[in-house]
Each structure stands twice: as C-alpha cells, then as structure tokens.
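Visitor: I'm new to this, so please take it slowly. Show me the molecule, and then let me ask away.

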Amino acid sequence: MEVGALRRRAPNIWDALAFGLLISTLILIAQTARETSAPLTALQQHPISLDAAALPDYALRTTMRMLAAMAASLVFTLAYGALAAKSRRAEMVLVPLLDILQSVPILGFLSFTVVGFMALFPGNVMGVELAAIFAIFTSQAWNMTFSFYQSLKTVPPNLDEVARSFHLSSWQRFWRLEVPFSMPGLVWNAMMSMSGGWFFVVASEAISVGHTTIALPGIGSYVALAIEQRDLGAIGLAVGAMLAVILLYDQLLFRPLVAWSDKFRVELSAGDPPPRSWLLVAAHRTRIASRLLAPAAAAVARLSTQRLQIGKGSPPPARDAKGSPGADRLWRAAVFVGVLAAAGYIGAYLAAGVSLDEVARALGLGLITLLRVAVLMALATVVWVPIGVWIGLRPRVARVVQPLAQFLAAFPANLVFPFAVVAIVRWHLAPDVWLSPLMVLGTQWYILFNVIAGASAFPNDLKEAAASFHIRGWRWWRQVILPGIFPYYVTGAITASGGSWNASIVAEVASWGDTTLHAHGLGAYIADATSAGDDHRVVLGVVIMSALVIAFNRVLWRPLYDLATRRLRLD
C-alpha cells in the first residue's frame, strides 16, 4: 500500500513536461528582458537583417511584445468594460470615447506616445519597446473591451436575479457571474485581438522619432525591410515564421483557454462533446505540479469569493435602476462643457493651420471612405455570418478551423499589397475600386470570430427545442440562430467597422518598391499628411475620422446594440 501511495505521489512524465514548459518560459522572459534593457545604440550596431537565421529571435521578440500587450489589454478590458456597463453616467462618456479610440489611427497614437515612453527610459531600448507594446495594445484592447461590455449588458435576467437573491456583493457578482458568463466570447475575441495585432506589427516595430526611424528586431520590421527591398523569398520566410508562432500559441495558450471557457456556457441540457486540449489534460495528470499550484489556485478562488463591498452588505441594485434626475442633469452638463472645451481647443489648433476649403476637402474624402466601409461591412456580413454559424455549431470543425482562422486573421494585409499593386498596374485597374478590399482583409475576421463565439455559446437546449418543433430553413435563421448570435455579431461589426477605418491609412496608399498607388479617401489623406510632417492636416484627418465613426456608430450600430440588449438576450 505504501509503495502504491509513493508511486501516486512520485513525479511522472507530465510533471517533466510541465516543468520543461515553465523553465523554457522563464528563460525566454529572461532573455527578452536582457535584450530590452540594452542601450539604444545597440539597435544601430545590429541593424535588421533578412538572414533566415535571425527569424527565430525576431519571432520571439514580436511574440513577447504581443503577449505583453495582450496582458495589458485584458486588465484594461475588465476595468473599462465593467465601468461602462455598470454606470449609466460613465457609459455616456466611455462608450463614445471607445468609438474614438478604435478609430484613431495607430500612427496617431505613436506620434504622441513615443516621445513620452522614450523620456521615461532615455537612451534605453525599453522606452522604444514600451512604445511598440502600447501601439500593439491599441490594436487589441478595443475589440476585447467591446466584447466584455456586450456580455455584461446581456447577462440573462434570471441569472442576475439569482445573484441578487443570494446577496452577492458587486465584487462577488463580477467574478462569480459576469466574468464567467463573458468568458466564451472574451476568449474568442482575445484570439482575434492577438491575431489582429499582426496587422499593425510593421507600424509598431518601426518607430519614427523626428527624421530618425528606429527599427526594433521583430517580424514586423523584417517584413518592412523585405517589402522595401522587394525580396519575395524573405516575405515567404516571414509568413512561415508567423505560421509557426501562431500554431505554438494556439496550442499552448488559446486552445486550453477555449476548452476551459466551455464550462461557462449557459445551457440546461447536455451539448456536443466539449473541446479538449492536450495541455489541459497534461496539467490535470501532473502530480508534483498540481500540488505545488494548489495553494495559488485556492488563494485565487478565495479572492473571488470575498465580499469587498462598501456599505453594510445590501445587495447591489438591479441593472436598470434609475439614479437621481438632478444628478443626471448635472453630469450631462459637465460632459457637455468638457466636450465644448475639447472642441474649442481642437478648433483653435486647426484654425491656425488649415483653411475652410481644406476642411471641406477632408470631409469629402471622409465620406468616400465612409461609403467604402459601409459596402465592405455589408459584403463581409453576407459572407462570414453563415460560415461563422456553421463553424460555431460544430465544435469538432471549430477545433480544426481555429488555428487556420487565427493564421488568416494574423496574416498582415500589407503582404498582399505588393501583389495588388502589380495587378492594378498591369491590368490598368482603378485604384479607387481595387484598393478598397485591402481595408477589410485584416478586419473582416472580427465578424467571423464573434459569430463563431456566439454560435458556440448558443444553448444546446434551445437548439433541441427548435429541432423538436421542426423549425428549419429560413425560419430557423430568422427566429432561432440570428437572434441568438445578434449581440455577438454587433460587437464584431462595430470593431470591424472601426478597424476598417484604421486600416484605410495603409490600404488607400499601397506601395511595392518605387511604385505607389493612391485611392481617394481620408486614409490616404492622413497617410500623405503624416509623410509630409503636416501635423495640422494629421489632426484634421483624425478628428474627421473620429467624428464620422461616432456618427456611423450612433446612427447604425448603437440602435442595433440597444436592440440586442433589450430584446435579444437570453432570458
């Protein structure tokens, strides 16, 4: 008996695997920390090389930046999304601000943040690294925040009533109800954000300070150099390295998260076999590692059950409880004054550098880009909603498609630009028409991933009810699945729309070597102003883009969001 007990307690092969992964991760973190703490002159002494032997190190550096940005995005998502969903007054400011943030081009963020981060670490690579991580963060955070906000707004009322009947504090409700309910959608959107971050890696790893460009070692800077030198072989190697990295973090990070988050699905009957992850299975079969991690897991569980409530323990109010009308009017007045003050400051800055004719020209170009975005969103919806539903309702297919979808979403659209430029020049095509699809190449996946998440989270008991009542065909689409995935679709469409505006900066101006094509639009206007160093025109373009995005969201997406919140959530 004692021998059997010793064998059960002895380390096994799964413990060896767990410790191997842990030690490898620590070594990678230490190596990355050492490289990022080097002096800034080290980047000039070791310029970017197209040597294939340099790609593994470049891939590691890029992956660590994206993981750091993902961690920051998760913290931002939980804090920002919860505040926007739980406070009506905060929602009035935070949701429009989120619309603005997702529409501001990544170049706009870099122009204001690079100097600040470099001032924090003068003469050190860390400042440029933080600027790059922040730039990647701006390409990841908004999508995850919208997903979390949508989940909090659509928590089923019966679950909300149960939480209040058990007198859960706000802290307990957040960790025991709201975060678990949001997990399936949040995990899929985190995958999309991680993959979508590759689209802006090229811009984030080439930091411009004045007339000097600092290229950080990474796949993005490798791709930028390959495009500049027209080296198709190097581009192929970069794509291969990207595929290897995506497969690795799919197996080591996202596939375990998808399998883990499946237990938070809301359903009353047994569904399809849950997704599996070999890494989770290995973790459950470890002996030493499981015992070593047990105290940490218990501490986290205890933390989520603490009341941490201000007051005398009264249950939180219902979500649609009304506040004081007088306080609401005072808050609206304060917001209005703040908006007027900001508008006045921006207006004074623009008046000093641009004319009314320039404003009218930029606005006209903005309307052209608006038309492109509307058409592209309609086409992406028609194509990807049926495909996303088909994948999401079939867990086995989703497991196979997941890494492929991540790779397609991660594939930088600017690698397609050279082929588009060559084709347009060779066949004398109109750039205004044929450069437009490049805007949606990297953003259409937001719709696909969110629809897959919605279909995956669709309760199995509702599917069985529809089957028992013989609801099929278009009636099934109209009365069953489309209402079920609608909140997820709206989240994906909002982020895809905002991302398309952002992508117009690089899609309306495509180049290959010395050949550059321009399409008429606000994205090309901002890109040209950035190249010319005209800050007034850059600010004008960003302001008009932000205003059009907010107007587009308020006219179309927000009413649809309200419809999803009021009538199309699971009760």
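**A walk through the model**

Visitor: Where does His 470 lie?
Guide: First, the naming: helices (H or I, at least four residues) and strands (E, at least two) are DSSP runs, numbered from the N terminus. With that in hand, you'll find His 470 in the loop between helix H21 (460-468) and H22.

Visitor: Does His 470 count as buried or exposed?
Guide: This is a predicted model, where local features need pLDDT of at least 70 and side-chain atom pairs count only at pLDDT 80 or more, while totals for chains, interfaces and linings use all residues. Residues are numbered from 1 along each chain as its sequence is written, and side-chain values use heavy atoms, with hydrogens and water left out. Buried means under 20% relative accessible area, exposed over 50%, and partly exposed in between (1.4 Å probe, protein chains only). His 470 has 54% relative accessibility, so this residue counts as exposed.

Visitor: What is the phi of His 167?
Guide: His 167 is in the loop between helix H8 (157-165) and H9, and is partly exposed at 43% relative accessible area. Although His 167 is not a glycine, its phi is positive, at about 55 degrees.

Visitor: How many helices and strands are there in the protein chain?
Guide: Of the chain's 571 residues, 48% count as buried. As for the runs themselves, the tally is 24 helices and four strands.

Visitor: Which residues is Trp 476 in contact with, leaving aside its neighbours within four places in sequence?
Guide: Contact here means heavy atoms within 4.5 Å. Skipping those sequence neighbours, the partners of Trp 476 are Val 389, Leu 393, Ala 466, Ile 471 and Ile 481.

Visitor: How do H4 and H11 lie to each other?
Guide: Helix H4 (residues 55-86) and helix H11 (residues 219-228) pack at an angle of about 125 degrees, with axes 8 Å apart. Axes are lines fitted to C-alpha atoms, for helices over the stretch in contact, and angles run from 0 to 180 degrees between N-to-C directions. Under 35 degrees counts as roughly parallel, over 145 as roughly antiparallel, 65 to 115 as roughly perpendicular, and the rest as oblique. So H4 and H11 are oblique.

Visitor: What kind of aromatic pair do Phe 76 and Phe 137 form?
Guide: Rings of Phe, Tyr and Trp (its six-membered ring) pair if their centres lie within 6.5 Å; planes under 30 degrees apart count as stacked, over 60 as edge-to-face and the rest as tilted. By this rule there are 14 aromatic pairs. In this one, the centres are 5.6 Å apart and the planes are at 90 degrees, so Phe 76 and Phe 137 are edge-to-face.

Visitor: How far apart in sequence are the parts that the pair of Phe 76 and Phe 137 ties together?
Guide: Phe 137 counts as buried, at 10% relative accessibility. Phe 76 belongs to helix H4 and Phe 137 to helix H7 (residues 125-153), so the parts tied together are separated in sequence by 61 residues.
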